[in-house]
Amino acid sequence: MVNLDPYGDRYAARTRGMTASEIRALFAVASRPEVVSLAGGMPYTAALPLDAVAAAVADLVATRGPVALQYGSGQGDPELRELICTVMALEGIAASPDDVVVTVGSQQGLDLVTRIFVDPGDVVVAEAPSYVGALGTFAAYQAEVVHVPMDDHGLVPEALSETLGRVGPRAKFLYTVPNFHNPAGVSLSRERRDVVLDICRRHDILVLEDNPYGLLGFDGEPEPALRARTGDGVLYLGSFSKTFAPGLRVGWVLAPHSVREKLVLAAEAAVLCPPSFTQMVVADYLRTQPWQDQVKVFRELYRERRDAILDALAQHFPAGSVWTRPGGGFYTWVTLPPGLDSKEMLPRAVTARVAYVPGTAFYADGSGASSLRLSYCYPEPDRIREGVRRLAGVIKEEQELRDTFGPVRPHAARGTDSPAPDLA
Amino acid sequence: MNRALVLAGGLSFERDVSLRSGRRVCDALRSAGVEAEVRDADASLLPALAESAPDAVFIALHGAPGEDGSVRGVLDLAGVPYAGSAPHACRVAWDKPTAKALLRAAGVATPDSVTLPQGSFRELGAHEVLDRLLRRLPLPLLVKPASGGSALGASIVEDADALPAAMVHCFSYGTTALVERLVAGTELAVSVVERDGVPEALPAVEVVPKDGPLFDYNARYTAGATDYHVPARLPEDVLTAASRVALAAHRVLGLRDLSRTDLVVDADGTPWFLEVNVSPGMTETSLLPMSAAAAGLDLGVLCRDLLAAAAAR
């Protein structure tokens, strides 16, 4: 007998469920220029001041080469940690550099926090829908994810309270993306922020606040972070991926000192130390470049694309579809007319040369087929409009197919539905 | 045979599989001493061929562009040799109902089937059409797109009330459905390669998916999801009959260089033709490389020889 996986009976229990699905394989076409991809989450890095960045990198190597190319501290570059505190201050957070741990992207921060808090079978409470990268992490640590509904103003407090009452002490933390949620596009309203913190305090549950998009709001100043309101019981994840560049892989965790101690040990066990080179690039950028002006450039760019997608949705999408109106960030969450399945529809969309991520990718419990995520961060506005036009056609065809055959049970398919991070 | 171009990727549902096939073929060719590179079948292809034509092209494209003759037609126009079937033969093999009809006419057993485009259901009423279909073909049924690979859109229907869902799933991947009587038995994949111009059947691979009866996408491309037995665990005379079916498919449809026939052998030892593939998968989990290894053939040498034959045509 030919066994193509001779290691099959040796894998750890936590790898169960680590299979890609045929849906994930479909995303391969999105790299072709013929396809308008509204599926990816790549920031528009072409808008960066690349000449300035090139000069800074050259200078770094020329003047501090041996240090930049050397191992660094497991907790991260001290100067960068100070600068991170000034960045967090923009969203109301007062913190000490000692309590910042630099990580390889905030994704690694998510992984480390989950690693030090979650045992197999523990419950993690997350929004409905939730960030696919986080769901992957929670699955890797064999957590049970319980979703709590959101509306246009973020997490619904009554639902959160009810859920926490139900899952009780098994819940290790609430994972929340309060600003310009990926994938939902909504933000936790000002009024609800204190309410949510209060509910979590009453139920004695930690809050893990993940905030990559806080500075990418299109109107007005950023809403103060949950962590700005209290240092107790809130762990904060930050990132330079959207405000500067994801390729540098620099993010951070802000945690109370006892948690921070454990995070540093866990980080050292994972990577020894975060990359010195890219940390110093980020530090130089923050120190010497008008980086907040660049964030404004990004905001305007993404605002124009947001406007394009919302206009196009209003113009083309059939009655019965609804979508969120993001005030910042990269995504809008579209709910299809009743009776349609966004996962089943994806092959047809590929045939029509448009890609999106089915809503099922953003739930741990198999729901989400009635919705899908559209991203507007990467394609030009005209391409966005064309993509929405194509997708509207796909929805109409899908409706015809459903009308022909009547309501049917969805096809069972296993594995991860989300695309890889370098999908445009 | 010095320089080869491997075409992989394409714009089809199987792009991901194709990219993996292409990489494996490219690596194999290189280890057989051929200078090889992988290219996508996109707007840059023809200019690249014009600038510096390889000795021959290996087509690792899966799905319509690679398998329905379209890319090969363009390569013919560009005067670039390639290993594999010519466009007219591809068109016939790619459309499963046509391939089945031709083989049936040549005396090869293939399961009873009905072919219906989505339009028929829409215009004549799904309920009525499905009702007639169930009277014509007994359950269980195998529903699949009339053209397509990797079992995308395919499902097994055991209950009549599961049939509408199977049709909806099928029509996500293609506009015409092939509904076949499901023959119970041993699933085999028999690859055929031409050596010195003579088609030879390689050892049959017996395919036993571990999770459910259908050899679906996951079963094909997740290592460890399927048990493979090569040589297949069937008597010699049955294996010979199965090989003859694969050779018949290769001959009757006018195929060239390489092909892979999927069939099922029932309890009586009768091999039933299901479909034939003119651009068989070449990934780490694919069937033709497995057969080649069982026959003691080096994949790179095999591909090199097919390319050399193409270049000499």
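D40(B) pairs up with R32(A) in a salt bridge, with the closest N and O atoms 2.9 Å apart; the term stands for a side-chain nitrogen of Lys or Arg within 4 Å of a carboxyl oxygen of Asp or Glu. The model is predicted, with local features needing pLDDT of at least 70 and side-chain atom pairs counting only at pLDDT 80 or more, while totals for chains, interfaces and linings use all residues. Residues are numbered from 1 along each chain as its sequence is written, chains are lettered from A in the order in which they are written, and side-chain values use heavy atoms, with hydrogens and water left out.

Between chain A and chain B the count comes to two salt bridges. The interface also has 10 residue pairs in polar contact, both at pLDDT 80 or more (a pair of N or O atoms within 3.5 Å; within protein, one must be able to donate a hydrogen and the other to accept it, and residues adjacent in sequence count only if both atoms are side-chain atoms). On the chain A side, the elements giving two or more residues are α1 (22–26), α12 (342–351) and α13 (381–405); helices (H or I, at least four residues) and strands (E, at least two) are DSSP runs, numbered from the N terminus. That side has 14 nonpolar, seven polar and 11 charged residues, where Ala, Val, Leu, Ile, Met, Phe, Trp, Tyr, Cys and Pro count as nonpolar, Asp, Glu, Lys and Arg as charged, and the others, Gly among them, as polar.

Altogether, 32 residues of chain A touch 40 residues of chain B, contact meaning heavy atoms within 4.5 Å. The buried area is about 3300 Å², and carbon and sulfur atoms give 61% of this (accessible area, 1.4 Å probe, that two parts lose on being put together, summed over both).

Five cavities of 30 Å³ or more turn up in the whole structure; on a 1 Å grid over the protein atoms alone, a cavity is a set of points where a 1.4 Å probe fits but cannot get out, and lining residues have an atom within 4 Å of a point. The largest cavity has a volume of about 90 Å³, a volume being the space filled by probe spheres set on the points, which are joined across faces, edges and corners. Its lining has 14 residues, with E91(A), N211(A), L215(A), S239(A) and W252(A) nearest the centre. β8(A) gives the largest share, three residues.

Key: On a 1 Å grid over the protein atoms alone, a cavity is a set of points where a 1.4 Å probe fits but cannot get out, and a pocket is an open set with protein on both sides within 12 Å along at least five of seven lines; lining residues have an atom within 4 Å of a point.
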